[in-house]
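Open the model in your viewer and keep the selection panel at hand. The stops below say what to select and what is there.

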Amino acid sequence: MQEMMIYNRKSEKIKQFLRDYGWSYIFIALPVIIFLSFTLYPLIKAFMMSFQEYQVMGSRWVGIENYSYIFRRKLFWKALYTTLVYTLGTVPVNILISLGLALLIFQLDKKSQTFFKTTFYLPAVASGVTLSLVWFIMYDPTPDGLLNKFLSLFGFPNINWLGRMDTALFSLMLMTYIGGHGSGIILYLASLGGIPKTIYEAAEIDAAGTWSKFRNITWPLLKPITLYMLITGIIGSSQAFMTAYLMTSGGPNHATTTIAYLIWQDAFEYFDFGVAAAESFVLALIIVGLSVLQFKYLGSDVEY
């Protein structure tokens, strides 16, 4: 009898719990199922694949052979080096450009700020393929190319921007310098607007100059945004693929073969999915390691 009463009490509690919170679990079930199906399962599957020689009709377990192969492969290290150069050449420069533009725009009135924010953000909503096509026309190696025509005004000869090993990677980096600052400018403008004016007024009473106010007030208070842009920028540039694929196809002579392009090439040109999966996880480990180091050494005195 007592056991029956305990059972009924538990059953009533469960029913009450389901009445109170049942819909909540139904609502979160869909995103959880999507995450498990399209993120976690492919991740586990790719990890398993990195230890296999993948075949459609039956894969063969090869242990760490794929990892051993990519570390012996010269092209892998070259792609890693190219990605490193691309990252070092784009991320810091783009952060400085975004910060400089944000400081200039911040001095303007609200209408002008809105105009420039919209203008700079416009490339972010445009198709990457369309932008690459525009840049492809600008990099035309003939005298009719826009950049070559501009340089000819100063007496420079024609340059085969995308066809030479010494200019191809820089050409891809130049594309990021001129476009793609919209989100950075908006983040910096929002942060600049959040700095209390009283701090600047107090600095002016102490006869602080423009540079002193920037170095001692503006820059330290913008550090959280700068750290965020640095981390996301490094993650994004480490996975640079589209421009290398559309503009140069990794050439000439692998001068623009980034690690992301190499992964795609191994997977979808050579159908070596096991090697591509191993390269993907090495890249993921590098990105995670760099992110941890940045948080440890750059985020210690950052307040959020």
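This is a predicted model: local features need pLDDT of at least 70, side-chain atom pairs count only at pLDDT 80 or more; totals for chains, interfaces and linings use all residues.

**Stop 1: aromatic pairs**

Start with the rings. The structure holds 24 aromatic pairs. Select Phe-51 and Tyr-67. Their ring centres are 5.4 Å apart and their planes meet at 45°, so this pair is tilted.

Phe-51 sits in the loop between helix H1 (2-49) and strand S1 (52-53), while Tyr-67 belongs to helix H2 (residues 65-72), so the pair ties together parts 16 residues apart in sequence. Are the two residues buried or exposed? Phe-51 has 16% relative accessibility and counts as buried. Tyr-67, at 15%, counts as buried too. The cut-off for buried is under 20%.

Move on to Phe-76 and Trp-77. This aromatic pair is edge-to-face, with 5.6 Å from centre to centre and 75° between the planes. Color the two by accessibility. Phe-76 is buried at 0% relative accessibility, whereas Trp-77 is partly exposed at 44%.

Then widen the selection to Phe-47, Phe-51, Trp-61, Tyr-67 and Phe-281. Ring pairs link these residues into a cluster. The tilted pair of Phe-51 and Tyr-67 is part of this cluster.

**Stop 2: helix H2 again**

Select Asn-66, which also lies in helix H2. Asn-66 has a relative accessible area of 8% and is buried.

**Stop 3: salt bridges**

How many salt bridges does a search of the whole structure find? It finds six.

Select Asp-266 and Arg-73. Their side chains meet in a salt bridge, 2.8 Å from N to O. Asp-266 lies in helix H13 (residues 259-268) and Arg-73 in the loop between H2 and H3, so this pair ties together parts 193 residues apart in sequence. Both Asp-266 and Arg-73 are buried.

Next, select Glu-12 and Arg-19. They form a salt bridge whose closest N and O atoms are 3.3 Å apart. Glu-12 is partly exposed, with 42% relative accessibility.

Finish this stop at Arg-164 and Asp-166. Their side chains meet in a salt bridge at 2.8 Å, N to O. Arg-164 is partly exposed at 34% relative accessible area, and Asp-166 is exposed at 55%.

**Stop 4: the largest nonpolar core**

Select Tyr-86, Trp-135, Tyr-139, Trp-161, Leu-172, Met-175 and Met-247. These have the most contacts inside the largest nonpolar core, which has 19 residues. H5, helix H6 (146-152), H7 and H12 each supply at least two residues of this core. Which helix gives the most? H7 does, with six residues.

**Stop 5: the largest pocket**

The largest pocket has a volume of about 1,100 Å³. To find its middle, select Asn-94, Thr-176, Gly-179, Gly-180 and His-181, which lie nearest the centre among the 37 lining residues.

Next, color the helices around this pocket. Elements giving two or more residues to the lining include helix H3 (74-106), helix H4 (110-125), helix H5 (128-138) and helix H7 (165-178). Also among them are helix H8 (182-193), helix H11 (223-238) and helix H12 (242-248). Then color the lining by residue class. The lining divides into 19 nonpolar and 18 polar residues, with no charged ones.

**Stop 6: the second largest pocket**

This pocket has a volume of about 450 Å³. Select Phe-106, Gln-107, Leu-192, Tyr-200 and Thr-218. Of the 16 residues that line the second largest pocket, these lie nearest its centre. H3, H4, H8, helix H9 (197-205) and helix H10 (210-221) each supply at least two lining residues.

What does the lining of the second largest pocket have by class? It has six nonpolar, five polar and five charged residues. The tour ends here.

How values were computed: Residues are numbered from 1 along each chain as its sequence is written. Side-chain values use heavy atoms; hydrogens and water are left out. Rings of Phe, Tyr and Trp (its six-membered ring) pair if their centres lie within 6.5 Å; planes under 30 degrees apart count as stacked, over 60 as edge-to-face and the rest as tilted. Helices (H or I, at least four residues) and strands (E, at least two) are DSSP runs, numbered from the N terminus. Buried means under 20% relative accessible area, exposed over 50%, partly exposed in between (1.4 Å probe, protein chains only). On a 1 Å grid over the protein atoms alone, a cavity is a set of points where a 1.4 Å probe fits but cannot get out, and a pocket is an open set with protein on both sides within 12 Å along at least five of seven lines; lining residues have an atom within 4 Å of a point. Grid points are joined across faces, edges and corners, and a volume is the space filled by probe spheres set on the points. Ala, Val, Leu, Ile, Met, Phe, Trp, Tyr, Cys and Pro count as nonpolar, Asp, Glu, Lys and Arg as charged, and the others, Gly among them, as polar. A salt bridge is a side-chain nitrogen of Lys or Arg within 4 Å of a carboxyl oxygen of Asp or Glu. A nonpolar core is a set of buried Ala, Val, Leu, Ile, Met, Phe, Trp, Tyr and Cys residues joined through side-chain atoms within 4.5 Å.
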